[in-house]
Amino acid sequence: MTTPTLTRTTVPAGTPAATPRLTHARVLRSEWHKLWTVRSTWITVLSAVALVLGVGILMGATYTSDGGDSDVDTVVLTLYGSQLGAIALAVLGILVTAGEYATGMIRATLTAVPSRLPVLGAKAAVYAGVVLALGLLTNLATFLTAQLFLSDSDQAASLTDDGVLGALVGNAAGITLLGVIALGLGAGLRSVPGAIGAFVGGVMILPEVLGMLPYEVMETVVRYFPTQAAGALGSATPMPGAAAPGTALLALLLWAATALAVPALLLKRRDV
């Protein structure tokens with residue numbers, strides 16, 4: 001009986017080991033894991049959901065038909081908390097980018113992905129997908145729960161009413177794009193406090209200040225600022241003095257694109 005012999009294949013010294021091929025899907029997967037393994041993600045996400053849902057239930061439970069708010073849009077009334085939730089999610093967007101510079105992890109990230117731009121694109125895509133899905137689910141839950149209290153009032157409405165479902169989707173889209181703007185600020189400034197200050201001051205406070213100036217042109221300009229455009233998307237009925245939903249969405253998309261284009265250019269020009 002012949003005993004089989006095993007042959008050993010030797011790899012010449014100095015031959016580099018095979019490395020996995022870098023693809024956009026793998027970069028996306030990496031950013032997905034990084035997003036959900038950070039404690040701040042859970043804190044900001046749960047805070048945003050709690051604020052939107054809690055304020056919506058409070059508005060529904062305390063509303064009375066003779067309280068003078070009958071002219072307020074139903075979706076706007078039930079989603080008052082989304083203004084606070086948007087701030088929490090904007091902070092998350094800033095942490096997604098500027099947070100890596102604060103911890104120094106960005107060096108490892110850009111070493112693994114030397115072309116750099118796929119990293120920024122993956123961060124924006126993962127963040128936008130998560131926030132949009134979260135916003136839609138939270139808005140639906142908040143609206144339906146609030147309507148349990150509003151069913152016998154003049155604010156009673158259903159998802160099949162004209163403009164309601166579109167406003168719920170528009171509100172989620174507006175909050176998502178505001179968060180993408182914050183993410184871009186974080187990537188460009190590379191500082192968590194600096195980006196939060198820039199978002200609060202430039203995106204939220206500046207248009208309010210400009211709107212107080214006694215110039216008619218300022219009223220036209222301010223309606224296309226991010227927060228005002230996002231507000232126009234979240235109303236089931238046209239808002240007086242606000243941009244049309246289609247125009248507001250286009251304005252928000254341009255703001256978000258600009259907020260990402262600046263750090264994309266800086267990534268190619270600056271060192272880590």
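Predicted model: local features only at pLDDT ≥ 70, side-chain atom pairs only at ≥ 80, totals over all residues.
Me: Why are helices α2 and α4 called roughly antiparallel?
Reply: The axes of α2 (residues 39–62) and α4 (residues 82–103) cross at roughly 170° and come within 7 Å. An angle over 145 degrees counts as roughly antiparallel, so α2 is roughly antiparallel to α4.

Me: What is the handedness of the crossing of α2 with α4?
Reply: α2 passes α4 in a left-handed crossing.

Me: Which residues make α2 and α4 a contacting pair?
Reply: On the α2 side they are S40, T41, T44, V45, A48, L51 and V52, and these meet S82, L84, G85, A88, L89, V91, L92 and L95 of α4. Sorted by class, the contact of α2 with α4 holds 10 nonpolar residues, five polar and no charged. Gly counts as polar in this scheme, and G85 of α4 is one of the residues in the contact.

Me: What makes α8 and α10 roughly perpendicular?
Reply: Helix α8 (residues 192–211) and helix α10 (residues 226–233) have axes that cross at roughly 90° and come within 8 Å. The class roughly perpendicular covers 65 to 115 degrees, and α8 and α10 therefore belong to it.

Me: Which residues of α8 and α10 meet?
Reply: V203, M204, P207 and E208 of α8 meet P226, T227 and Q228 of α10. Four nonpolar, two polar and one charged residues make up the contact of α8 with α10. Glu counts as charged, and E208 is among the residues of α8 that take part.

Me: How do you know that α7 is roughly antiparallel to α10?
Reply: Helix α7 (residues 164–189) packs on α10 at an angle of about 160°, and the axes are 7 Å apart. The cut-off for roughly antiparallel is over 145 degrees, so α7 and α10 get that label. From α7 the contact takes G166, A167, G170, N171, G174, L178 and I181, and from α10 it takes P226, T227, A230 and L233. The classes of the contact of α7 with α10 are six nonpolar, five polar and no charged residues.

Me: Why is the ring pair of W36 and W42 called tilted?
Reply: A pair of aromatic rings is described by the distance of the centres and the angle of the planes. For W36 and W42 the ring centres are 5.1 Å apart and the planes stand at 55°. Centres must lie within 6.5 Å for a pair, and planes under 30 degrees apart would be stacked, over 60 edge-to-face.

Me: Why do W36 and W42 count as partly exposed?
Reply: Buried needs under 20% relative accessible area and exposed needs over 50%. W36 has 23% and is therefore partly exposed. W42, at 46%, is also partly exposed.

Me: Is V126 buried or exposed, and how do you know?
Reply: V126 is in helix α6 (residues 117–150). With a relative accessible area of 11%, V126 falls under the 20% cut-off and is therefore buried. Apart from neighbours within four places in sequence, V126 is in contact with L28, E31, W32 and L35.

Me: Why is D69 called partly exposed?
Reply: D69 is in the loop between α2 and α3 (74–78). The relative accessibility of D69 is 34%, which lies between the cut-offs of 20% and 50%, so D69 is partly exposed. Leaving out neighbours within four places in sequence, the contacts of D69 are Y63 and Q155. D69 and D154 are 85 residues apart along the chain, and their C-alpha atoms are separated by 9.5 Å.

Me: Where are R116 and R190, and why do they count as buried?
Reply: R116 lies in the loop between α5 (105–112) and α6, and R190 in the loop between α7 and α8. R116 has 17% relative accessibility, under the 20% cut-off, and so counts as buried. R190 has 18% and so counts as buried too.

Conventions:
Residues numbered from 1 in each chain as written. Heavy atoms only, no water. Axes fitted to C-alpha atoms, helices over the stretch in contact; angles between N-to-C directions. Helix = DSSP H or I, 4+ residues; strand = E, 2+ residues; numbered from the N terminus. Parallel < 35°, antiparallel > 145°, perpendicular 65-115°, else oblique. Left-handed = near helix turned anticlockwise from the far one by under 90°. Contact = heavy atoms within 4.5 Å. Buried < 20%, exposed > 50% of the residue type's maximum accessible area, 1.4 Å probe, protein only. Phe/Tyr/Trp six-rings, centres within 6.5 Å; stacked < 30°, edge-to-face > 60°.
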